[in-house]
Amino acid sequence: MNALAARRRHPAAIGILLLIGLFLMGAAYAAIAPRPAEAAVSSATQVDEGKQLFLANCASCHGLNAEGRATGAGASVAGPALAGVGAAAVEFQMGTGRMPMRAPAAQAPRDDRIKFTEEQITAIGAYVASLAPGPSVPSEEAVDPARGDAVKGGELFRVNCAMCHNFAGAGGALTRGKYAPALTGVAPKDIYMAMETGPQSMPVFNDTNLTPEAKRDIIAFLTAVNEEPKAGGFTLGSLGPVSEGMFAWIFGLGIMVGCAIWLGNKAA
Amino acid sequence: MNEQDTTRAGDVLPAEEFGAEAVRLDQGHVVGHGGIPEVFQNPGLPPHAPRTTDLSEAAAKRAEKQVAALFALSIVGTIVFVLAYFLVDIRATTYVPGIGVMALQHLLLGIGMAAALLGIGFGAVHWAKTLMPDEEVVEMRHPMRSSDADRAAVVQTLTDGGEAAQINRRPLIKYTLGGALGLFAVPVVLPVLGGLGPMPQKSLSLTFWNGGPSGPGEEPTFTPMRLMRDPENTPIKASDVTIGSVFHVLPEGLLDLEHGVLEEKAKAAVLLMRLDPKDIKVQKEIDWGHQGIVAYSKICTHVGCPVGLYEQGTHHLLCPCHQSTFDVTQDCKVIFGPAKRALPQLKITVDDEGYLVSAQPFREAVGPSFWERG
Amino acid sequence: MMTTANARPADALRADDRPVSTRTPSAGARKIGGVAGWVDDRTGAAKGVGYLMKKVFPDHWSFMLGEIAMYSMIIALISGAFLTLWFVPSMGHTVYDGSYAPLRGVEMSEAYASTLHISFDVRGGLIIRQIHHWAALMFVVAVVVHMFRVFFTGAFRKPRELNWVIGSVLALLAIVEGFSGYSLPDDLLSGTGIRAMQGFVQTAPVIGSYLVYGIFGGPFPGEAIIPRLYSAHILLLPAVIIGLFTAHILLVAIQKHTQYPGPGRTNDNVVGFPVMPVYAAKAGGFFFIVFGVIALIAAVISINPVWGYGPYDPSPVTAGSQPDWYMGFADGALRLLPGWLEFTALGYTLSLNIMPGALILLPLVYVVVGVYPFVERWITGDDREHHLLQRPRNAPVRTAIGMAGITMYSVLMFAAANDIMAIKLHMSINDITYFLRTAFFVAPFIVFWVTKRICLSLQRADRNKVLHQRESGTIIRTPEGAFFERHEGLSEYERWKLVDFEPVAPIQLEQRVDANGVEKPLTGKDRMRARLSRFYFKDAVQPVTPAELAAAHHDGHGHEAIEAGEHAGSVHR
């Protein structure tokens, strides 16, 4: 203990204490935080099971019958009505961790800590699909990049997607804090369902707008772009001239000025 | 500057002031200016401090080896470059930590080249720093201006030349020369200016929706045109456009043109959206649309970027170039950013087969402003 | 001129300098003389070359910033010549069939197809393309930083105003040259840039639409713009840039390089190293270092991946459409200007929401920069030649003006990245825009004030250091029990660096009398000049004088002495 006491004035002490405190807080929160409801009784049908899960986890924002709920402030809604969005929307929103939202925000971010099992999400999807017909979850074949045409997909992507998601799918800004997320590392199925259902700010690209084949072409293009070798080296996030200019100023100039200082200094 | 005492009144304070002030401050310990100079004197170059390479032959030898090693590195770099150029396949790839899979030949050529150059550079500078003389040398400056005699001589030569040429005595020559010199550029400049491009005429105010090609001198007559998907070039049924959808649209026939596809696209690109008619706040917008389906020019009224970013939740259109934001529920009026004018609406209807068609061309010029636009 | 090198004025400053060599030429020297003699017989170049080889350059890292610019420009020229062998400056349509699979079969211009060809099918093509682009970015970065150095050290003062103007024009041309090159590949990003440029030009009052049809050879985009930009990029602009650059360098050689104040350095000498051999090795070596660093960056960092953007088409666009950084300030100005500045009257449209940022700002910045030396000279009335630089702290108001200007420029430049900031910093693009609009007007004043205070504080700290020496941290107890901290003395060389600057005071207005004894009334110009002079110099801190130092030594505390110079500044002329 003496050794500890002697080090209590060490500059790192505050940092370490803070870390320990934060860790304890986190652990305590994890222990007492409300958990998503467990799967409902096995005897119920999938739709009933989904309804139970919906009531427990979604209804506070989307309403008891998924009719949507206003926040009371202007036209803004806590959660939109879900009739007609289909199982694909549920699968996309919950399968990418966007729903349930953790906190009110301009937009629900993607979150890899998914709190529901696949069966639970499928069940909620079945319930939402039972409210009104809507897009369903695509088959494996429909989203198989190997069957798509990347060249055609590239043309479609540039006209329909690049203005929000950037030429390389690196994402882009929308108004007032909203954004088009990056498309790197997104499962082909999720890309397909996003086009089909138009989550959040994204418009809907229904099957008459972009045919299922066109959607698969776009997936093929994105897969090709993601997997192609980086011809010129590190991409700096594929953000265009801004990151290149920053690199030139910070690293390019930094290295050269470093060399100039070495050059101007007298040798020892 | 202390050497050059051509100080002008007004900007340099006579140094006595400081002397006087300081003497007063030290409360009589130093009386008057005594032997104290008004300003500090330049102490001259400090004594030269020898480097380790000056003092020890071993250190000099070490520096020599370092320089030689750097030059050798340069040679190795060049060899790497040449080998990579001939032996590595242009499509070969390699994994680089932090970058991912990248082109191998590109990497090796670049690294080889960098080593070849940096080896020479660092070697030469290290050589200069450690082994070349490092005693500073002094070179004197001289005022930039020529002597008064030289200046006068130049003026004299000029005047004499003018006299000898009799330019002042023969005004006829003076004025005709002036006129000729003033005009001789015309034959050079005129063909350049005249041949740059045609006059715009009405073409900035017309688009393909007016009935066909709309370049300078072309006056298309209006016929209803189907709205076609961009880039698939297929017509759109009203029933295809569900609420929340956005279609990128070009007029029928544009993509079939032999020439001028991009020129027509640059004016005719249209964005098609469907809103719940309850959300639309402007009657004209509803009237010019079809059951909540509305078509607006996609060319920004600021500087002409495509305004493609449609947020289906807020019905805002955002331009990615300068962030002008247009509200589709309010006839695309500007609600943020540097654009002034609303996006022009294209009046649409449906034809007998249920396909969306234009009902009239744009009523105003699309795209960025120009002087005679009105 | 030859005499300067032989006169060995170093004698005056240091006794133990080596004597200048008077040896007879060695056998090797005679041999070179044989080869070079042929040339000298016909040109008489030996005299000039000999003079140049003995020319002295002062050593300081900040003097290398201009060299970074010069070398980057040369690298861009070399790599650019390589690219012209394959680049096809044509907007003719073609169908791509090269080795980049995601674009195979796509319709595009020949310019874009040939850029893809250079990138994927020419061995070493991509490395040279990336070297060219990185060198171009570094060129403009180094030009700007070099200008900062020249500005903040007062190196633009007489006799170098002319070279400052040439440099300003060069900086402007560098930007135009960069933009014309950025536009050549005809990819979606650069095409969007040309589209915006078309929108800018179109807003020029009265002649806008005619200008556009002249520049583009008809309606946008036409097929003329890439060939025209190409001839500007590889012929017209480089010719003008190289011409002005040669004049720039010649003037440096004629006027000799400036130097920082220091022991042994005066306004009448240059202390440094001769070209042969030291500077030849250092400056020559530095060319290879700059080239090597750019090659290394080009090897591992991708720049402008044109294959990703796709061919230009007026209908699509990519998120994050920005120009290269040096055009950022103009693009940022366009993002900040509000839309209500466009006016329509009598059937004519005046777009003041576009023109100031797009057409006026670029030349305006360089006009303001270019005339600054003349303005400062008028205010100070200083007509002497200056070859000793000023430390930025010793010209507080100029330094503060410069920092305020940089702040304005930076606000605009960052505004051009508002969408990238929004996604990377998770902020609202609207809030960022509102914030930067305010910052453009407010931040320069704050920065001006803060910079000036920092400069004055540093000057006072210098005075303090001279008057009371360095605090050693050693506490000494006297036999009487009193404590004091021992102060270590400065050597006269260290002290000289801190006191070698001019005491200055504002101009005072004074009734002038003409030859006949009649009073001349003060003009508004005089009053203005006096006001500006007060603005520049009213709280100038003066260098320590020997008398003050002597006084401080006698008076153990002497805090007043630190401040003394400040108040002394405002008296008499």
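## Interface of chains C and B

In this predicted model, 154 residues of chain C are in contact (heavy atoms within 4.5 Å) with 113 residues of chain B. The area buried between the two chains is about 11600 Å². Buried area is the accessible area (1.4 Å probe) that two parts lose on being put together, summed over both. Carbon and sulfur atoms give 65% of this area.

Helix α11 (residues 275-300) of chain C gives the most to the side that touches chain B: 16 residues. By class, this side of chain C has 74 nonpolar, 47 polar and 33 charged residues.

## Strand pairing

Strand β3 (residues 137-140) of chain B runs antiparallel to strand β4 (residues 269-274) of chain C, joined by four bridges. Strands pair if DSSP finds at least two bridges between them. Glu139(B) has Val270(C) as its bridge partner.

Within chain B, β10 (residues 325-327) and β11 (residues 333-336) pair antiparallel over three bridges. Phe326(B) stands opposite Val334(B).

## Basis

Local features need pLDDT of at least 70, side-chain atom pairs count only at pLDDT 80 or more, and totals for chains, interfaces and linings use all residues. Residues are numbered from 1 along each chain as its sequence is written, chains are lettered from A in the order in which they are written, and side-chain values use heavy atoms, without hydrogens and water.

Conventions. Helix = DSSP H or I, 4+ residues; strand = E, 2+ residues; numbered from the N terminus. Nonpolar A, V, L, I, M, F, W, Y, C, P; charged D, E, K, R; others polar.
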